[in-house]
Amino acid sequence: NEYKSYLRMVLECDDVFAEILSEIYSSDLGWTLKRAVQDELSKPFVNVKDLRRLVPVFLKESGWDVKLRNLVFTYLQKNMPISTNPTFYIPTESSKEPMFFIRNAQGRWEKRILKSINTMCTEKSIPLARMRTIREQADFAQKWKDMSFADEVNNDIRPVYAPKDFMDVLTSLSSPNYNPKIYDYTDVNERTGSSLWGLIQIRLHLKTTQELRLVFSNLSTHHFQAGADDLEGINPEWQRLGNKAISAGYSPAAQRYLQQGCYPTQRGCIWLIALNVSSTSLHHQYYTQLKSTVFKYELLVDKLFLQDVRLTAGNHDAYFVFEDLIVQLLLCFSRDTRLLDHFKNTTSIPPRAYLRNNIGEAEKTVIYPPNGIIPFHGFSFYLAPLCFIWSDPVTLYLVFKEMYTRYFFRLHCLSSHPQGILSLCLQFETLLQTYQPQLFYHLREMGSHPLKHAFNWIMHAFAGYLETSQLLLLWDRIIGYNTLEILPLLAVAIFAFRRNNLMEITTPSEAEAVLADISSLKVIPLLQYCLYARILHPV
């Protein structure tokens, strides 16, 4: 009820209402709706005086009201305003990130990435971008489906950065307003995070254990859980509810259903509804345009994507069969300028490059790459698991883009957002330090800090580490609860589950061996164990 009243208050704000109208008008849905209403109202039996009555009836009978509701619901989930008071001015940079030292750190990190790219261009004599010749375009189009062009990538091309480099940036952050050395080592605050033993040395607002249990209340053992309570076979009642959610086509209902998981046969349809993704002829045309741009221009980031797929997803036992498809989609992804819209919700600033022979002239720069996103080592893992759900490249691309702009972009960007990588790491350290202090202290003393093992899991949303069916059950809950805060909970559960083995290690290599393979673990029982068993009760 409180959430509904808040949404009502948000919608009553003129600025927010205007933004939603602008979103509808600028979307493909808005254009199609306009054409449909015009066709309906042009019929001879329609009276102009009855328009106010006929339009709502038409929207409901034709199913457009559900599509509009889904669009508004999706917009509010992705762009929830900080304040609904139109008289309260918030600078743009502060609305994206209120803490100036984090904004500065993100800026320094971006300059470091750009310097690495420029150095690569200079050392390898590779241009940032170039137009292919007509012959090269024809050859590239021929090789598009067989990955033979990947052999042309130099083996000495290295990722711009790896998760370890990003973790070093996170652990070096410090707030000028907080000095952990003046606090007693027994000062543990679950609300703001206590990282006195941890690597994250700043304090952020975190959810308490009780709040986490409230958020993930439908993960309780009192509710049916797909992936845990159906080991003997499919639950017909749960399958029937899934079919009912699919026929309704309503995003909130689909998200609520995903909070308890879904079956593989229903996952494709349920995810499309929950994420409000649809594949139309306009989307197919747009994807074709992106593909033609790939054929026409060669970018340095193409080599980065190709090398990343070769070293990660293409070298993975479960994902190597999708190598061709992953490369194709990532190359189109790098050319998609519509992805620039997500930068209004992040501290990142899309990098810019000077046009040739115009170095130093600020007005003659372009965003590079066109989507503003520079891949890191393991980026392709965000896409690879989705290949098990859809075979159509357009639908697959649209879902991946939606997943990235909703969730995954927060996992490689410095931010104090509750779902940002910084908060997730601090949540992990705080929970493990609070409820498993002996384990935390032992690993720390052995020189094998817990976050060093868990960081890759969290940054990749466990893709590449869990068995695919278990990973998709986890991602069901991410979409269902619309939050990434479930990731540190699973990481804590894994450490607690392997506590006995970890307490016996004496070297960092032994700890790494204990945690190296988590592919056999079952996600849902672990999450329930973490939230509702003794693991998150004070010792």
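**Entry 1: helix 13 and helix 21**

I began with helix 13, which passes helix 21 in a left-handed crossing. I note at the outset that the model is a predicted one. I then looked up the geometry of this pair, and found that helix 13 and helix 21 (residues 468-481) pack at an angle of about 25 degrees with their axes 11 Å apart. Angles under 35 degrees count as roughly parallel, and so helix 13 is roughly parallel to helix 21. On the side of helix 13, I listed Arg 267, Trp 271 and Ala 274, which meet Leu 472, Leu 473, Trp 475, Asp 476 and Ile 479 of helix 21. Sorted by class, the residues of this contact come to six nonpolar, no polar and two charged.

**Entry 2: helix 16 and helix 17**

Next I turned to helix 16 (residues 323-335) and helix 17 (residues 393-406), which pack at an angle of about 60 degrees, their axes being 11 Å apart. Because of that angle, helix 16 is oblique to helix 17. I recorded the handedness as well, and the crossing of helix 16 and helix 17 is right-handed. From helix 16 the contact takes Leu 325, Leu 329, Leu 330, Cys 332 and Phe 333, and from helix 17 it takes Pro 393, Leu 396, Tyr 397, Phe 400 and Tyr 404. I counted the classes here too, and the contact of helix 16 with helix 17 has ten nonpolar residues, with no polar and no charged ones.

**Entry 3: helix 22 and helix 25**

I then looked up helix 22 (residues 486-497) and helix 25 (residues 523-532), whose axes come within 9 Å and cross at roughly 90 degrees. Helix 22 contributes Ile 486, Leu 489, Leu 490, Val 492, Ala 493, Ile 494, Ala 496 and Phe 497 to the contact, while helix 25 contributes Val 523, Leu 526, Leu 527, Tyr 529, Cys 530 and Leu 531. By class, I find 14 nonpolar residues in the contact of helix 22 with helix 25, and no polar or charged ones.

**Entry 4: the second largest pocket**

For the second largest pocket I noted a volume of about 1,300 Å³. It is lined by 35 residues, of which Glu 23, Ser 27, Leu 71, Asn 276 and Glu 402 are the closest to its centre. Helix 5 gives the most, with eight residues. The lining of the second largest pocket has twelve nonpolar, 14 polar and nine charged residues by class.

**Entry 5: cavities**

How many cavities of 30 Å³ or more does the structure hold? I found four of them. The largest cavity has a volume of about 240 Å³, and of the 20 residues that line it, Glu 110, Ile 113, Ser 348, Gly 372 and Ile 374 are the closest to its centre. Helix 7 (residues 100-124) supplies the largest share of the lining of the largest cavity, namely five residues. By class, that lining divides into 13 nonpolar, six polar and one charged.

I then went on to the second largest cavity, in which about 50 Å³ of space lies. The residues lining the second largest cavity are Arg 158, Pro 159, Val 160, Leu 304, Gln 307, Asp 308, Pro 375, Phe 376 and His 377. I sorted these as well, which gave five nonpolar, two polar and two charged residues in the lining of the second largest cavity.

**Entry 6: backbone details**

Lastly I looked up two places in the backbone. Tyr 368 and Pro 369 are joined by a cis peptide bond, with omega at about -10 degrees. Pro 369 is found in the loop between strand 4 (365-367) and helix 17, and helix 17 is the helix I had already noted for packing with helix 16.

Ser 125 is found in the loop between helix 7 and strand 1 (129-131), and helix 7 is the element from which the largest share of the lining of the largest cavity comes.

Note on methods: Residues numbered from 1 in each chain as written. Predicted model: local features only at pLDDT ≥ 70, side-chain atom pairs only at ≥ 80, totals over all residues. Heavy atoms only, no water. Axes fitted to C-alpha atoms, helices over the stretch in contact; angles between N-to-C directions. Helix = DSSP H or I, 4+ residues; strand = E, 2+ residues; numbered from the N terminus. Parallel < 35°, antiparallel > 145°, perpendicular 65-115°, else oblique. Left-handed = near helix turned anticlockwise from the far one by under 90°. Contact = heavy atoms within 4.5 Å. Nonpolar A, V, L, I, M, F, W, Y, C, P; charged D, E, K, R; others polar. 1 Å grid on protein atoms, 1.4 Å probe; cavity = no way out; pocket = protein on both sides within 12 Å on 5 of 7 lines; lining within 4 Å. Points joined across faces, edges and corners; volume = space filled by probe spheres on them.
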